[in-house]
Amino acid sequence: ESSGVRLDDGSVVSASDMIITTEGDTAATLLALPAPPRARSAISLAFAATTPPWRGRDLLLNGEGAGPINSLVVMSELASETAPPGAALVTIAVIDPVTGDDTALEQAVRAQVARWFGASSHTWRLLRLHRIPYAQPDQLPHDLEPVQRSVRVGAGRYVAGDHRETATLQGALSSGRRAAEALLEDRGAA
């Protein structure tokens, strides 16, 4: 609202300035913006592995063009505290539309991981399978005209997210920085 944010319980938190950072369809609804590109879903699987499939802070991208896995990262190589005690935390992203049940998806992921890393992956324990309906905008080349969309949406109102730039973490972070800079500029801050 013009005076702030109305919460589910009906109370209003006063705010002269706001940066709305949410997925594109919610931002469009809250701020009466044009609808963003279609949403793209994703699935995240987290496994506890007895040993990491490799050492290092690398993101493994599937270049085969086959199989459900889009990317894989050993999160515990980035932050050891994320893993269960005595294990490595392996996180796998699946972004192509996947139908069927979670058990079938897990089996397909496990088969692909076994081809990549061998029999040791059979001991990996599934910790969580999470379906994310709105993981990112499903951007096509024409959706990136312009690449950077305005983050100012009205007096004291700003919006940030991957729907304001490229459908990437970089796009989300960059738009957040632009929104903060716009707010500071509008306030007259250096």
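Author: Let us begin with the term itself: a salt bridge is a side-chain nitrogen of Lys or Arg within 4 Å of a carboxyl oxygen of Asp or Glu. The general idea is that side chains of opposite charge can pair when their charged atoms come close. Please keep in mind that this is a predicted model.

Reader: How many salt bridges does the rule give here?

Author: The count comes to 9 salt bridges. One of them joins Glu77 to Arg55, with the closest N and O atoms 2.9 Å apart. Glu77 lies in helix α2 and Arg55 in the loop between β4 and β5, so the pair ties together parts that are 22 residues apart in sequence. Arg55 is exposed, at a relative accessible area of 64%.

Reader: Which residue forms a salt bridge with Arg152?

Author: The partner is Asp186, and the closest N and O atoms of the two are 3.0 Å apart. This pair links distant parts of the chain, since Arg152 is in strand β9 and Asp186 is in helix α4, 34 residues apart. Arg152 is partly exposed, with 37% relative accessibility, and Asp186 is also partly exposed, at 44%.

Reader: Where in the chain do Glu165 and Arg178 lie?

Author: Glu165 and Arg178 form a salt bridge whose closest N and O atoms are 2.7 Å apart. Glu165 lies in the loop between β10 and α4, and Arg178 in helix α4, so the pair ties together parts that are 13 residues apart in sequence. Glu165 is buried, with a relative accessible area of 5%. Salt bridges can also share partners, and in this way Arg152, Glu185 and Asp186 are joined into one network.

Reader: How should I read a nonpolar core?

Author: The general idea is that, in soluble globular proteins, nonpolar side chains tend to be buried together. In this model the largest nonpolar core has 17 residues, and those with the most contacts inside it are Leu45, Val90, Ile92 and Val109. The elements β4, β6, β7 and α3 each supply at least two residues of this core.

Reader: Is Leu45 buried or exposed?

Author: Leu45, which lies in strand β4, has a relative accessible area of 0% and is therefore buried, as that word means under 20%. Leaving aside neighbours within four places in sequence, Leu45 is in contact with several residues, among them Val90, Ile92, Val109 and Arg128. Leu45 and Arg128 are 83 residues apart in sequence, while their C-alpha atoms are 5.7 Å apart in space.

Reader: What are the contacts of Ser44?

Author: Ser44 is also found in strand β4, but Ser44 counts as partly exposed, at 24% relative accessibility. Beyond its neighbours within four places in sequence, Ser44 is in contact with Thr91, Ile92, Arg128, Leu129, His130 and Ile132.

Reader: How many aromatic pairs does the structure hold?

Author: The general idea is to compare two rings by the distance between their centres and the angle between their planes. The structure holds 4 aromatic pairs. Phe47 and Trp124 form a tilted pair, 5.9 Å from centre to centre, with 50 degrees between the planes. Phe47 lies in strand β4 and Trp124 in the loop between α3 and β8, so this pair ties together parts that are 77 residues apart in sequence. Both Phe47 and Trp124 are buried. Phe117 and Trp124 make a tilted pair too, with ring centres 6.2 Å apart and planes at 35 degrees. Phe117 is partly exposed, with a relative accessible area of 23%. Ring pairs link Phe47, Trp54, Trp116, Phe117 and Trp124 into a cluster.

Reader: What should I note about the backbone of Ala32?

Author: Ala32 has a positive phi of about 55 degrees although it is not a glycine. Ala32 is found in the loop between α1 and β4, and is exposed, with a relative accessible area of 71%.

Notes: Residues are numbered from 1 along each chain as its sequence is written. This is a predicted model: local features need pLDDT of at least 70, side-chain atom pairs count only at pLDDT 80 or more; totals for chains, interfaces and linings use all residues. Side-chain values use heavy atoms; hydrogens and water are left out. A nonpolar core is a set of buried Ala, Val, Leu, Ile, Met, Phe, Trp, Tyr and Cys residues joined through side-chain atoms within 4.5 Å. Buried means under 20% relative accessible area, exposed over 50%, partly exposed in between (1.4 Å probe, protein chains only). Helices (H or I, at least four residues) and strands (E, at least two) are DSSP runs, numbered from the N terminus. Rings of Phe, Tyr and Trp (its six-membered ring) pair if their centres lie within 6.5 Å; planes under 30 degrees apart count as stacked, over 60 as edge-to-face and the rest as tilted. Contact means heavy atoms within 4.5 Å.
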